[in-house]
Amino acid sequence: MNYIFIDSDKEKTKVGIVEDNRLVEFYSEEINNETLFGNVYRARVTNVLRGMDAAFVDIGEEKNAYLQLKDALHKDQMYTKEKYDLDEVIKSGEEVIVQVIKEPLGNKGPKVTTHISLPGRYLVLTPYSNKVNVSKKIRNNSEVNRLKNIGNQIIENDMGIIFRTLAVDVDENLLHEEYKSLMDVFLRIEKERSFLPTPKLLYKDLDLVYQIVRDKFNEKDTEIIVNNKEIYNNLLLLEDYFSYNLGDKILLNLDFSVDNDMKIQMDMKEALDRVVSLKSGGYIVIDETEALTAIDVNTGKYVGAYSLGDTVLRTNLEAAEEISRQIRLRDIGGIIIIDFIDMKEKNHISKVLSKLSESFIKDRNKPHIVDVTKLCLVEITRKKTRPTLDSKISTICPTCNGRGRVRINKY
């Protein structure tokens, strides 16, 4: 069973995605603590850091935002081979329009870009690119070609687009309407470029609930369970945003609660544990650090029935699928290193990497398998936009300062 649940009360809204009866994504947002991701601001450059090819900009929030040189290049500078100095691109005191691409994490402020992109349900408007791209999750070549042809016909003023996974089989007129709507939003933002005051919020992305429904809801095999009547009614008002009757897919259940659902609670407990058990008897160990996340795979109690090579392969294949779910559920970003059990046969390594890649397809943060080292460590990068699940609902122990060990002997 696939569904999106929305559990909202006066203090907090919890949103989760369940696929095949397993929790794969979970988000929690306090009512009075809205996220910044996707918001567009008119900002002022407060400090230019030449030694780091970056600048700090004031967006009107508690902490200044961080803007890298590559994210500050003008449209005519982006597609040339020429290298630019920071002084040629941005200056202290200058007013710029920026978009938040990474939430504040710990002591760090948000990360921003001047290359605005505006997401819709079926496509993303990319004004700083004139290209028509299609989500890599769409594997049907004829559908990819159809969407590219539509894109080439509808783009205006060299404002490119990316077709999202949900654009599959969607009518051309609906895609054109969404493109026009997003263009209107961008043009309204551009008109605000030279006005006062600065800083100022120019565009606010949808709240968490509506973002998830927009980005992840698939009418073919997904339902929505919501326990808040106001949110339920607001979702019904979004029907014009979809190409079908949304009301047939939404269930208002005032008694629904994440705290009372045993399956969700078990998946949440597992997502907060360091050790995750596999059905075969093996297990994985996940250690999050500031620099990277290390994941170790072990056979545990699983001894197999045929040979050592078969036992290792079966454990690694099962682990690959579970690792992809845990990365997505815990919202782990940055550098991820996976230490699979050593495999000597190249076709076994290929099978495990294929399983891992296949399991990553539904992840909207696009994990990328970079390489396999000589020590058979799999290197992965995943876009980091929000704090991880663990960091949002836990804090560092004041006694051990995060070391997590008990000293048994004096030094």
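# Helix packing and a cavity, term by term

Me: Which helix gives the most to the lining of the largest cavity?

Reply: H9 does, with three residues. A helix here is a DSSP run of H or I with at least four residues, a strand is a run of E with at least two, and both are numbered from the N terminus. This is a predicted model, where local features need pLDDT of at least 70, side-chain atom pairs need 80 or more, and totals for chains, interfaces and linings use all residues. Residues are numbered from 1 along each chain as its sequence is written, and side-chain values use heavy atoms, without hydrogens and water.

Me: What makes a space a cavity, and which residues line the largest cavity?

Reply: On a 1 Å grid over the protein atoms alone, a cavity is a set of points where a 1.4 Å probe fits but cannot get out, and lining residues have an atom within 4 Å of a point. The structure holds one cavity of 30 Å³ or more. The largest cavity has about 60 Å³ of space, the volume being that filled by probe spheres set on points joined across faces, edges and corners. Its lining consists of Phe340, Ile341, Asp342, Met343, Ile349, Val352, Leu353, Val372, Cys376 and Val378.

Me: How many nonpolar, polar and charged residues are in that lining?

Reply: Nine are nonpolar, none is polar and one is charged. Ala, Val, Leu, Ile, Met, Phe, Trp, Tyr, Cys and Pro count as nonpolar, Asp, Glu, Lys and Arg as charged, and the others, Gly among them, as polar.

Me: Why are H8 and H9 called roughly parallel?

Reply: The axes of H8 (residues 308-330) and H9 (residues 346-359) come within 8 Å and cross at roughly 15 degrees. Axes are lines fitted to C-alpha atoms over the stretch in contact, with angles from 0 to 180 degrees between N-to-C directions. Angles under 35 degrees count as roughly parallel, over 145 as roughly antiparallel, 65 to 115 as roughly perpendicular and the rest as oblique. H8 and H9 are therefore roughly parallel. Their contact (heavy atoms within 4.5 Å) takes in Gly309, Leu313, Asn316, Leu317, Ala320, Glu321 and Ser324 of H8, together with His348, Lys351, Val352, Lys355, Leu356 and Ser359 of H9. Five of these contact residues are nonpolar, five polar and three charged.

Me: What makes H7 and H8 roughly perpendicular?

Reply: H7 (residues 262-271) packs on H8 at about 90 degrees, with the axes 10 Å apart, and the pair is therefore roughly perpendicular. Asp267, Glu270 and Ala271 of H7 touch Glu322, Arg325, Gln326, Leu329 and Arg330 of H8. Here the classes come to two nonpolar, one polar and five charged residues.

Me: Why does the pair H3 and H4 count as oblique?

Reply: H3 (residues 141-154) and H4 pack at about 45 degrees, their axes 11 Å apart, which makes H3 oblique to H4. On the H3 side are Leu147, Ile150, Gln153 and Ile154, meeting Glu172, Leu175, His176 and Tyr179 in H4. By class, that contact has five nonpolar, two polar and one charged residues.

Me: Where does Pro199 lie, and what is the peptide bond from Thr198 to Pro199, cis or trans?

Reply: Pro199 is in the loop between H4 (172-191) and strand S13 (200-203). The bond from Thr198 to Pro199 is cis, with omega near 5 degrees.

Key
1 Å grid on protein atoms, 1.4 Å probe; cavity = no way out; pocket = protein on both sides within 12 Å on 5 of 7 lines; lining within 4 Å.
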